[in-house]
Amino acid sequence: MRPESLPQQTSVVVIGGGIMGCSTLYHLAKMGVSDAILVERNKLTSGTTWHSAAQVRALRSSRNLTRMIQYSVELYAQLERETGQAVGWIQKGSLSIATTPGRLDHIKRQEALAKAYDVNATSISSGEAKERWPLMNADDVIGAVWSPDDGRVSPSDVCAALVKSARSMGAMLLEDTGVTGIVTNAGRIVGVETSRGTVMCDAVALCTGLWSREVAAMAGAQVPALACEHFYLLTRPIEGITGNMPTLSDHDSHLYIRDDSGGLLVGCFEPMGKPIEPGVLDGSVEFQLLAEDWDHFEPMMMNALHRLPALETAEVKMLLNGPESFTPDGMFMLGETAETRGLFLGCGMNSVGIASGGGAGMNLAHCIVHGCTAYDLSEADAKRFAPVFNDLNHLMARAPEILGTHYEISYPGRQLATARHLRALPLEEPYMAAGAHFGQFYGWERPLYFNKRNEPALTFGKPDWFDNVAAEVAAAHEEAAIFDASSFGKIEVEGPDAAAFLQHTCAANMAKAPGTAIYTAVLNERGTYESDVTAHRITSDHYRLFVGTSAIRRDLAWFGRHTEGFDVHLRDSTEDYAVLGLMGPEAARIVTEVGAPELNGLGYFRIGSSHMAGRHVRAVRMSYVGEAGWELTIKAADAEAVYETLVAAGAVPAGLYAQTSMRIEKGFAAIGHELDSDISPVECGLDGMVSMKKNFIGADALAERRRTAKRSLVTVIFDDADAGPLGHEPIFIGDAIIGHTTSASFGHRIGKPVALAHVRVDEPEGREVDVEVTGRRFAAHMQLAPAFDPTGARMKKAS
């Protein structure tokens, strides 16, 4: 083993000795980076890892997040055999109980998700739940889900085993080595300054937990994460606990419960947590805890006494108050930053570090070594946050709410309450006057639907906004509606090599004449989706790219990292322009009435300039909702005048819920739903939009994919109008699961629920299937064509 001194040069420096740092070091070594080093300013696990309750529950909100934690389970189960180091892996399962009808629907949806994601989970009665947890008061329990493969682990022992194995492969651990600076050159990592000197390196894995925001700032990067206090109660041994028991989740009471050394561990994610201001925690203190706060914990203690009557006479060992870090959306951050090349984040774990750490560390190492995660984890992308979320005031407001959302019921339409109104659309005031109900996306407040009368009651059944959305869809289908796409990211691509640059980075033919709009896939070297964009070729050397609302930092960074060798300049112009979609059969009359009749002569995907309300408008004939119309790009300052003119001529505003319903009916795939970095155009039926006459990033891999893959994306139309799919439901033929839904809504133009789905079946056209929604199976059929076609040939209107 090499001496424990700081080398002058290494490939990768991992900063932070918690579960993420140790797992990343281990997997780097496994992937051949034998000179990687881990620096920890104190001792291993001395930040937050050591006091983790260490639950490992596999089921998550997406297939790949679940897959990631399943990897953690497999890793922890075999690590002791690999290293000889005990890790304390206890696989006694987990039990989630429901005491309200809403929670029961929630856990039934979880059970269906488990089937879709190959996780062992089964609904059981309250009596069966009581048998598995005899100390529990089950009088108010109305159902439960049992997951036998879940478990828990000893955090410090897991980290010790990971580092032991990594060191045996050549990696190095340096404890008591603080990071004092990160050295960059031209926006790229080149070294790390420590209390032992400077080490030059090609990459840094930042796994610094509570201090990630401050350490990332050393490299010029933003990490919006903030610490909150997190509580659990420990008792001395009590009668009735013999050996190990399953983890008990009473989320209606905000509690998780398990045995601990013959006693109880009772933890909580209370509805609103307590944030910790930067500077309160002393990073030089090892194994730091915060003061007990019985007043804050008292409501949770009352819930615990109700669930566990034995607590009344139990002797309390301590109320542990340990800091944990939280991000603005409750998901960790993983991958390379937008600002600094070679700086990779593995932080903001939102109190699920142990469960996620094995798989997340593997994926972070894979990202460093191979340039991408092992499978799509775009929901955890390090570049997904708007810069406004790094503001300390916003973090202080949002992080405590995020702590409380851990155990919320995942009702459709749920919105966060804190750190709102950070970014206003140009038309926010007219939308408020029209009764808009807003949702937050990348900091923007976007209208979800209009004519809101009261705050909606959340449910898995028919939503309060059903009729509002139906009216908006009817307006777009029968008259004219205005859809706002102003929040979409906009990238100006300018310069003599603009066309050549986009020919290289985009899969479609980007060399079409000025005045043309082009929809294109943006692929990575693996031939799968990095993004999809619509490009307007304004002049021979100027394009404007329209990207997803939350994709602007990621896409701008990706395009920016491929400019070498091209005389081209990129600029984010998102806030300069508003974009309004005028859609519906009356749209042609309206543009004529407002003084822009020449737009009626535009061909599909053609761009034309005109004026409305005396303001310049750039229009493109295209539609995301399956109704004829134009997308109008206007200077942001001119948006209100144009909007008011269109409304005066008969158009009505329509929200995101109506747009989503119409998108799904029309079979349009969306990034983050049907399209991601595991999927290529072949599987989505979009290969025909890829140019076969040029070379571009991912072309070779896509050619190989054509030889091995086939279309998997289908439309699923339900027979029962009350089915209520939301997405991520398992699809059955007989007893075999053949896939899962990706997007779902009620199709107001066809009068039935409709979904898009990826399935694994030959000849899906016309096949009858069952889809499990909230514990019930509903009959449906699959087809390759959209559920709705403007020609009416494929329209399936309910009688």
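**Pockets, cavities and contacts in the predicted model**

Twenty residues line the second largest pocket, and by class they divide into eight nonpolar, eight polar and four charged. The model examined here is a predicted one. The pocket itself has a volume of about 240 Å³. Of its 20 lining residues, Ile-90, Arg-152, Val-153, Arg-258 and Asp-260 are the closest to its centre.

Three elements, β23 (444-449), β24 (481-484) and α16 (656-665), each supply at least two residues of the lining.

Helix α1 spans residues 19-30 and helix α2 spans residues 63-83. Their axes come within 14 Å and cross at roughly 70°. Because angles of 65 to 115 degrees count as roughly perpendicular, α1 is roughly perpendicular to α2. On the α1 side, the contact is made by Ile-19, Tyr-26, His-27 and Lys-30. On the α2 side, Tyr-71, Leu-75, Tyr-76, Gln-78, Leu-79 and Glu-82 take part. Taken by class, the residues of this contact divide into six nonpolar, two polar and two charged.

Finally, a single residue can be looked at in its surroundings. Val-690 has its place in the loop between α17 (681-684) and α18 (699-708). Is Val-690 buried or exposed? Its relative accessible area is 7%; buried means under 20%, so Val-690 is buried. When neighbours within four places in sequence are left aside, Val-690 is in contact with Ala-507, Pro-681, Phe-696, Leu-702 and Arg-706. For a sense of distance, Gly-727 lies 37 residues apart from Val-690 along the chain, and the C-alpha atoms of Val-690 and Gly-727 are separated by 28 Å.

Technical notes: Residues are numbered from 1 along each chain as its sequence is written. This is a predicted model: local features need pLDDT of at least 70, side-chain atom pairs count only at pLDDT 80 or more; totals for chains, interfaces and linings use all residues. Side-chain values use heavy atoms; hydrogens and water are left out. On a 1 Å grid over the protein atoms alone, a cavity is a set of points where a 1.4 Å probe fits but cannot get out, and a pocket is an open set with protein on both sides within 12 Å along at least five of seven lines; lining residues have an atom within 4 Å of a point. Grid points are joined across faces, edges and corners, and a volume is the space filled by probe spheres set on the points. Ala, Val, Leu, Ile, Met, Phe, Trp, Tyr, Cys and Pro count as nonpolar, Asp, Glu, Lys and Arg as charged, and the others, Gly among them, as polar. Axes are lines fitted to C-alpha atoms, for helices over the stretch in contact, and angles run from 0 to 180 degrees between N-to-C directions. Helices (H or I, at least four residues) and strands (E, at least two) are DSSP runs, numbered from the N terminus. Angles under 35 degrees count as roughly parallel, over 145 as roughly antiparallel, 65 to 115 as roughly perpendicular and the rest as oblique. Contact means heavy atoms within 4.5 Å. Buried means under 20% relative accessible area, exposed over 50%, partly exposed in between (1.4 Å probe, protein chains only).
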